[in-house]
Structures are given as structure tokens and as C-alpha cells.
Amino acid sequence: MQVEGLNIHPLKSGRAIPLETATVRIDGLAGDRRYMIVEPDGRFITQRELQALARVEATAVGESLHLEMDGRQLFASFEPEDRLDVVIWDTPVNAAVADPAVNEALSEWFARPVKLVHMDALARRAEGEAWAGTAAPVGFADGFPVLVTTTASLADLNATLTEKGQEPVGMDRFRTNILVSSDEPWAEDLWETIEVGGVVFDLVKPCARCIMTTQDQTTGERIGGNPIQGLAEKRMSADRRVPGVLFGWNAVPRNEGEIRLGDPVRVTKTRTERWPMKVRG
């Protein structure tokens, strides 16, 4: 097995940026989900309620951010002393906030009041203690630093969608960080620890999927195959700790380093039992 794809998403819910080489930090891939669009009161916003975020391409330039959407461009910088208390799920984070002119422009782009915030060096967030043993530092990702998926599992899902008369979907629907080429569908359920390019990742929790997987990651439209319907056939969690359909695993890096496309992926520790799934019938 080897690394088939590497991606970061500088803006949470914005477009992915494919990489050939990624720097892994304890809090995830460098540059991944370090910026976020929020309500004026600081509540986080994603494609779940603002589908147009899929049309935003964000590129970090130092501690600043270049944004492009539908031919419009914007350059946002951040001052460490300008801050806003934001909330992602139930976790408060004190983040740097863009200046009013940038937020006004973004509010025009999305036709609703929004603000742009940055997980800078002063911001702190740690999650997943119950799953990772100790709370893991993380940016604005939903809950864990890294998401790992496999080609074989996507192929199996697409076979199910084809059987249901639906179009296959791309891996971009799942907004993965590390895509592993593999031959056995769902083998990752038994991976407890993997090593890539000298970096150790513990796979600590399966990833429950939401309506975002039904959205085209170029336009934001809910079109094409519906992964949730396909996953419901054999990937419906039977463990109430993680309800819903599952695809991919949340992972925590245990050391830092660089990983590259083509790097071998070694499973160094396995689980004795798979995550329980409901049986349809």
C-alpha cells in the first residue's frame, strides 16, 4: 500500500488543495483547516448550511489568506491583537479575525453576514481525549487532526451506488487528508496504527458522514450519486457512540515529519475486532 493522495483544506469547507509533499505536525497537516467562516456571533459555518463554500479556493500566504470565488478575489491579513471568540461544535476558540473591510466583502459574496477567522499561533484547541488517550491539538477540523481513507473502500461504495442506479462519486466528496491505495475494502477498520514516511498515525475513531458528501465539491450543488444512501447498505454504525454511516478514519499523528505521494503505508498495529455495523435485511 502507498499514499495515493494528499490534500489540505486551508479554509474549512473550502476547496481542497492537492499536494505532492505534506508536512505533518502534531495538530495535523500543515496548513489544513486553519481558517474558517463564522456567523457574526462566532458560530462556525460549513457547507452543510452554506453550499457556496465549495466554490471558494483559499491559499495561505504566510499568515495571510488569498481567497477566490467565481472570478472575485480577496486578500485577507490578520493582526494578532484583533480577536474573536468563536465556537466550533461545542468548543470555544479565541481566534484572530479579519479586518472589517474583508468581512464586509465576504458578506457580499455569500449574501449574508459572515466573518473570517484564523487559527493563529495564539489560538488553542484540543479534542478527542476519550478516543485518543489524551486530547489532541487540532485546528478547525471537525474533531481530529487527520482523516485517512482508502481507494478500495471508495471502489466498493461506488459499486454499491452503481447497483442502485446512481453515479459513482469521487474521493473529494469525503475531504480526506491521506488517501491510501489498497486492494481490500474496509481493511482500515482493523488498522489501529499506521506508519508513513516515518510518521506514526493512530486511527482512533471512524468518521461519521453527513450531507456534505452529497455535494459536488466544485459547485456545492447536491447532485450526482448519494454516498449516504450507498453507505447505508453496509456501513451503518451499530455503536451509538458514533451514529450514522461511516467512511474513513480520524487519525492522530504521534510525531512530526514529511510524507509524500508514493510513500509506503505500513500497518504496525491492528485491532482484533471490526467496528460493528448494522445488518440490513
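1. Some ground rules. This is a predicted model, where local features need pLDDT of at least 70 and side-chain atom pairs count only at pLDDT 80 or more, while totals for chains, interfaces and linings use all residues. Residues are numbered from 1 along each chain as its sequence is written, and side-chain values use heavy atoms, with hydrogens and water left out.

2. Now the overall picture. The protein has 4 helices and 20 strands; helices (H or I, at least four residues) and strands (E, at least two) are DSSP runs, numbered from the N terminus. Its C-alpha trace spans about 55 × 40 × 35 Å along the principal axes. The radius of gyration is 19 Å, which agrees with the value near 19 Å for a compact globule of 281 residues. That quantity is taken over C-alpha atoms, and the globule rule is 2.2 Å times the number of residues to the power 0.38. Buried residues make up 54% of the 281 residues, where buried means under 20% relative accessible area, exposed over 50%, and partly exposed in between (1.4 Å probe, protein chains only).

3. Back to the pockets. Rolling a probe the size of a water molecule over the atoms shows where empty space is left. Here, on a 1 Å grid over the protein atoms alone, a pocket is an open set of points where a 1.4 Å probe fits, with protein on both sides within 12 Å along at least five of seven lines; lining residues have an atom within 4 Å of a point. Grid points are joined across faces, edges and corners, and a volume is the space filled by probe spheres set on the points.

4. How much space lies in the largest pocket? About 770 Å³. Of the 37 residues that line this pocket, Arg48, Asp142, Gly143, Cys207 and Ala208 are the closest to its centre. Helix H2 (129-132), strand S14 (146-150) and strand S17 (199-208) each supply at least two lining residues, and S17 gives the most, with 4.

5. The second largest pocket holds about 320 Å³ of space. It is lined by 18 residues, and the closest to its centre are Arg25, Asp27, Arg34, Met119 and Asp120. By class, that lining divides into 7 nonpolar, 4 polar and 7 charged.

6. Strands of a sheet pair through backbone hydrogen bonds, either parallel or antiparallel. In this model, two strands pair if DSSP finds at least two bridges between them.

7. Zoom in on S10 (residues 91-98), which pairs with S9 over 7 antiparallel bridges. Arginine 83 stands opposite alanine 96, and phenylalanine 78 has alanine 98 as its bridge partner. S9 and S10 form a hairpin with 2 residues between them, and tryptophan 89 in the turn has a positive phi of about 55°. S10 is also joined to S11 (residues 115-118) by 2 bridges, with valine 97 partnered by valine 117. How covered is S10? Mostly: 6 of its 8 residues are buried.

8. Alanine 58 stands opposite leucine 67 in S7. The hairpin has 2 residues between its strands, and glycine 62 in the turn has a positive phi of about 65°.

9. Finally, two loop residues to look up. Alanine 111, in the loop between helix H1 (100-110) and S11, has a positive phi near 55°. Arginine 175, in the loop between helix H3 (151-163) and strand S15 (178-181), has a positive phi near 50°. Which is buried or exposed? Alanine 111 is exposed, with a relative accessible area of 71%, whereas arginine 175 counts as buried at 9%.

Methods: Nonpolar A, V, L, I, M, F, W, Y, C, P; charged D, E, K, R; others polar.
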